[in-house]
Amino acid sequence: MFAPRPDIRPATVEVFVEGRPVLVPEGASAAAAVLLAGLPAIRETPVGGAPRLPYCMMGICFDCLAEIDGVANRQACMVTVEPGMRIAAQRGARQARPGTAPEVAA
Ligand code: FES
């Protein structure tokens with residue numbers, strides 16, 4: 001149906017998925033990088049530990065939650081890759097960073 005022109009190669013960006021270098025087309029999402037890396041999962045569900053990979057690629061399912069450049073709970077499908085970006089798997093629930101959780105009145 002649609003095929004890329006063989007004489008035009010898109011620019012690529014090098015990112016690191018679980019420490020492995022992956023070349024991704026410029027403008028792609030971090031979730032695309034995860035899929036190109038061929039990982040079995042990028043996160044595990046907090047309760048059952050079930051493995052998950054990006055699914056909807058449009059911000060609906062949250063199966064792409066990952067740690068990106070040290071920040072947990074980011075929807076990888078909503079983040080555009082940048083050179084040197086580090087994408088890491090997220091296992092279980094993440095804690096709020098100290099000082100960022102809202103105070104709860106007693
Ligand atoms: S892949 Fe579904 S929210 Fe990111």
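Which residues is Val15 in contact with, leaving aside its neighbours within four places in sequence? They are Arg20, Pro21, Val22, Val24, Ala33, Val81, Glu82, Met85 and Ile87. Contact here means heavy atoms within 4.5 Å. The paragraphs below place that list in the fold.

This is a predicted model, in which local features need pLDDT of at least 70 and side-chain atom pairs count only at pLDDT 80 or more, while totals for chains, interfaces and linings use all residues. Residues are numbered from 1 along each chain as its sequence is written, and side-chain values use heavy atoms, with hydrogens and water left out.

Start with the overall layout. The protein has 1 helix and 8 strands. Both kinds of element are DSSP runs, numbered from the N terminus: helices are H or I of at least four residues, strands are E of at least two. The order from the N terminus is β-β-α-β-β-β-β-β-β. Of the 106 residues, 33% count as buried. Buried means under 20% relative accessible area, exposed means over 50%, and partly exposed lies in between, with a 1.4 Å probe and protein chains only. Among contacts with a separation of 6 or more, 38% join residues 24 or more positions apart. The accessible surface comes to about 7,200 Å², and carbon and sulfur atoms hold 57% of that. Accessible areas come from the Shrake-Rupley method with a 1.4 Å probe; for residues, only the protein chains shown count as cover.

Strand β1 (residues 12-17) and strand β2 (residues 20-25) run antiparallel, joined by 6 bridges. Two strands count as paired if DSSP finds at least two bridges between them. Val13 has Val24 as its bridge partner in β2. The two strands form a hairpin with 2 residues between them, and Glu18 in the turn has a positive phi of about 50°. β1 also pairs with strand β7 (residues 86-88), in the parallel sense, over 2 bridges. There, Phe16 has Arg86 as its bridge partner.

Ser29 is buried, with a relative accessible area of 14%. What does Ser29 touch, not counting residues up to four places away in sequence? The partners are Met57, Ala76, Cys77, Val79, Thr80 and Val81. The C-alpha atoms of Ser29 and Glu82 are separated by 9.2 Å, although the two are 53 residues apart along the chain.

α1 is mostly covered, with 6 of its 8 residues buried. Those residues are Ala30, Ala31, Ala32, Ala33, Val34 and Ala37. Their cover includes β1, β2, β5 and β7. Gly38 follows the helix with a positive phi, near 75°.

The largest nonpolar core has 24 residues, and Val15, Val17, Ile68 and Ile87 touch the most other members. Such a core is a set of buried Ala, Val, Leu, Ile, Met, Phe, Trp, Tyr and Cys residues joined through side-chain atoms within 4.5 Å. Two or more residues come from each of β1, β2, α1 and β5 (65-68). α1 gives the largest share, 6 residues.

A separate stretch of pairing is an open sheet of 3 strands, in the order β4-β3-β8 with mixed pairing. β4 and β8 (90-91) stand at the edges; each has a single partner strand, so one side of each is left without a neighbour in the sheet. Strand β3 (residues 43-44) pairs with β4 in the antiparallel sense over 2 bridges. Arg43 has Arg52 as its bridge partner in β4.

Finish at the surface. Met58, in the loop between β4 (51-52) and β5, is exposed, with a relative accessible area of 57%. Together, Met58, Ile60 and Met78 make a nonpolar surface patch of about 350 Å². Patches are made of residues with over 30% relative accessible area and no salt bridge; like charges are joined within 9 Å, and nonpolar side chains (Val, Leu, Ile, Met, Phe, Trp, Tyr) within 5 Å. A salt bridge is a side-chain nitrogen of Lys or Arg within 4 Å of a carboxyl oxygen of Asp or Glu.
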